[in-house]
Amino acid sequence: MAKHFDMMERIAFWSMASFSLFIYSSMAASSLGHILLIPPGLFFTYWCWRKIRLPSSAWFLLFFMVIATLSSFLSESMENPSKTVGELRYFLAGILSIPAFTSVFISRIERPKVFERRVRFLLYSSFLVAAVASVVGIFTLYYGYNPLKMKASSDPHRATGLYSMAITFGYGIQFMALINLGLLLFRQRVEKYISVRTLVVTMVCIFLGLYYSGSRGALLGFLSGIPFLFLRSHPKKFLGMMIAGALLTGVAVAIVFSGGSKATRFLLPAKHGSNMIRISQYEAAIEAIKERPLLGHGYRNFGNESERIKKEHDIAYPDFISHAHNNYLELWADSGIFGLLAFLGFLWSWFFESWRRQDIVGDITLSVIVALAVSGLFQCTIIDGENTFAIMFIYGLSQVTKTRIEALRRLLKSTPSTD
């Protein structure tokens, strides 16, 4: 058993390393992380079944997968539900990553030097890759050519990082911006793993990448998440930042509805085409929900139904065929009310699980969850492959707790060797 454990633990770390290297650089290469995660994920899940309890958030995520699957096969309009349901593997990977990633952290007790090297690699690779993607994205924006991908810019107006779409890059990089900022704020606790100078440089690069992506909802998500870095440790500072944020939001809304500003894309007029397209998608999603409020139209199927719905209800921009640009409306339209409730249960449980950690990981994760919840009002991050990779990787890491590490370590020691 010890021999099998060591092999699976190493594969689990390689999976983590793959996610760190490729989430913000290559969607195709990121799949390597999933491939590597399957063996240790299944091995440790089976080994720990009924002995180490999964968190409530994982059960809500599993429930969401079941509902999404049922809604797809019961849909009246999906031609190939099996193919679409396959996209739910991202969430399954999040669940499997909990025991797999926990096994890697046993080395903190058993092999501290190995653990330190691994953490340094994960931190440096994650932030440096995100920083390089941000810098390359800005360079490509100004010069029209991506030197790493060796092709012309896919968006002449916004930074796309190493992705092809600015909106995907912006909504994904917001999470790294918060994690980077959180480590800077708690730098005394991580100095032995990553230098403060590196964190400062990557923070500047990543924030500029977020800014030049022009993703308004992502920037709002980032700003909304910042106060929650202080929620547990500095409640007065949290309250002050929330009040200041509310006032600034009020000013921004007043500017937007009074004609907007030409100085920045973040203050476009309320009736700008970009805003009106989103509203048309919201309206179409609401009509889709009215048609099938309980079962939905099938996972990720609203985009296919949006054209028909817009024409039937005379909704603006009938030729714009896309998802709902809102996580909550999208999931309700796709998977029905039970799918939406399962997703909300996942977010709620994850938030309180992070709160109960009472450590740096919990504090930073709180800010990420809030950013996900807020930015999800303006973009379907949860069905965007690149973003879902990042969200589920963060989720799996956030569920590695001292209790689970100790429980898995005791289980290993109590299991007789069969080698």
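How many residues apart are Glu287 and Lys290 in helix H12, and how much of a helical turn separates them? They are three residues apart in H12 (residues 273-291), so about one helical turn lies between them. In general, an α-helix has 3.6 residues a turn, so residues three or four places apart point the same way. The model described here is predicted.

## Salt bridges

Glu287 and Lys290 form a salt bridge, with their closest N and O atoms 3.6 Å apart. Glu287 counts as buried, at 18% relative accessibility. Lys290 counts as exposed, at 58%. Elsewhere, Glu291, Glu305, Arg308 and Glu312 belong to one network, joined by salt bridges that share partners.

The structure holds 14 salt bridges. Side chains of opposite charge can pair when their charged atoms come close.

| Pair | N to O distance |
|---|---|
| Arg111 and Glu9 | 3.4 Å |
| Arg232 and Asp363 | 2.9 Å |
| Glu287 and Lys290 | 3.6 Å |

Take the salt bridge between Arg111 and Glu9. This pair links distant parts of the chain, 102 residues apart. Arg111 sits in the loop between H6 and H7, while Glu9 belongs to helix H1. Arg111 is partly exposed, with a relative accessible area of 38%. Glu9 counts as buried, at 2% relative accessibility.

Now take the salt bridge between Arg232 and Asp363. This pair also links distant parts of the chain, 131 residues apart. Arg232 lies in the loop between H10 and helix H11 (235-257), and Asp363 lies in helix H15. Arg232 is partly exposed, with a relative accessible area of 27%. Asp363 counts as buried, at 2% relative accessibility.

## The second largest pocket

Rolling a probe the size of a water molecule over the atoms shows where empty space is left. The second largest pocket holds about 1,100 Å³ of space. Its lining is made of 36 residues, and the closest to the centre are Phe105, Val119, Leu123, Val361 and Leu397.

Which helix gives the most to this lining? H7 does, with six residues. Several helices supply at least two residues each, including helix H1 (2-22), helix H6 (107-110), H8 and helix H15 (360-375). By class, the lining has 25 nonpolar, five polar and six charged residues.

## Helix H9

Helix H9 runs over residues 196-212 and has 17 residues. From its first C-alpha to its last it reaches 24 Å, close to the 24 Å expected at 1.5 Å a residue. Its buried residues are Thr198, Leu199, Thr202, Met203, Cys205, Ile206, Gly209 and Leu210. What covers them includes helix H7 (112-143), helix H8 (166-185) and helix H10 (216-225). Gly214 follows H9 and has a positive phi, near 70 degrees.

Asp314 lies in the loop between helix H13 (302-312) and helix H14 (327-357). Its phi is positive, near 55 degrees, in a residue other than glycine. Asp314 is exposed, with a relative accessible area of 71%.

Tyr317 is found in the loop between H13 and H14. The phi of Tyr317 is near 55 degrees, a positive value in a residue that is not glycine. Is Tyr317 exposed, partly exposed or buried, and what is its relative accessibility? Tyr317 counts as partly exposed, at 35% relative accessibility.

Definitions and conventions:
Residues are numbered from 1 along each chain as its sequence is written. This is a predicted model: local features need pLDDT of at least 70, side-chain atom pairs count only at pLDDT 80 or more; totals for chains, interfaces and linings use all residues. Side-chain values use heavy atoms; hydrogens and water are left out. Helices (H or I, at least four residues) and strands (E, at least two) are DSSP runs, numbered from the N terminus. The expected span of a helix is 1.5 Å times one less than its number of residues. Buried means under 20% relative accessible area, exposed over 50%, partly exposed in between (1.4 Å probe, protein chains only). Contact means heavy atoms within 4.5 Å. On a 1 Å grid over the protein atoms alone, a cavity is a set of points where a 1.4 Å probe fits but cannot get out, and a pocket is an open set with protein on both sides within 12 Å along at least five of seven lines; lining residues have an atom within 4 Å of a point. Grid points are joined across faces, edges and corners, and a volume is the space filled by probe spheres set on the points. Ala, Val, Leu, Ile, Met, Phe, Trp, Tyr, Cys and Pro count as nonpolar, Asp, Glu, Lys and Arg as charged, and the others, Gly among them, as polar. A salt bridge is a side-chain nitrogen of Lys or Arg within 4 Å of a carboxyl oxygen of Asp or Glu.
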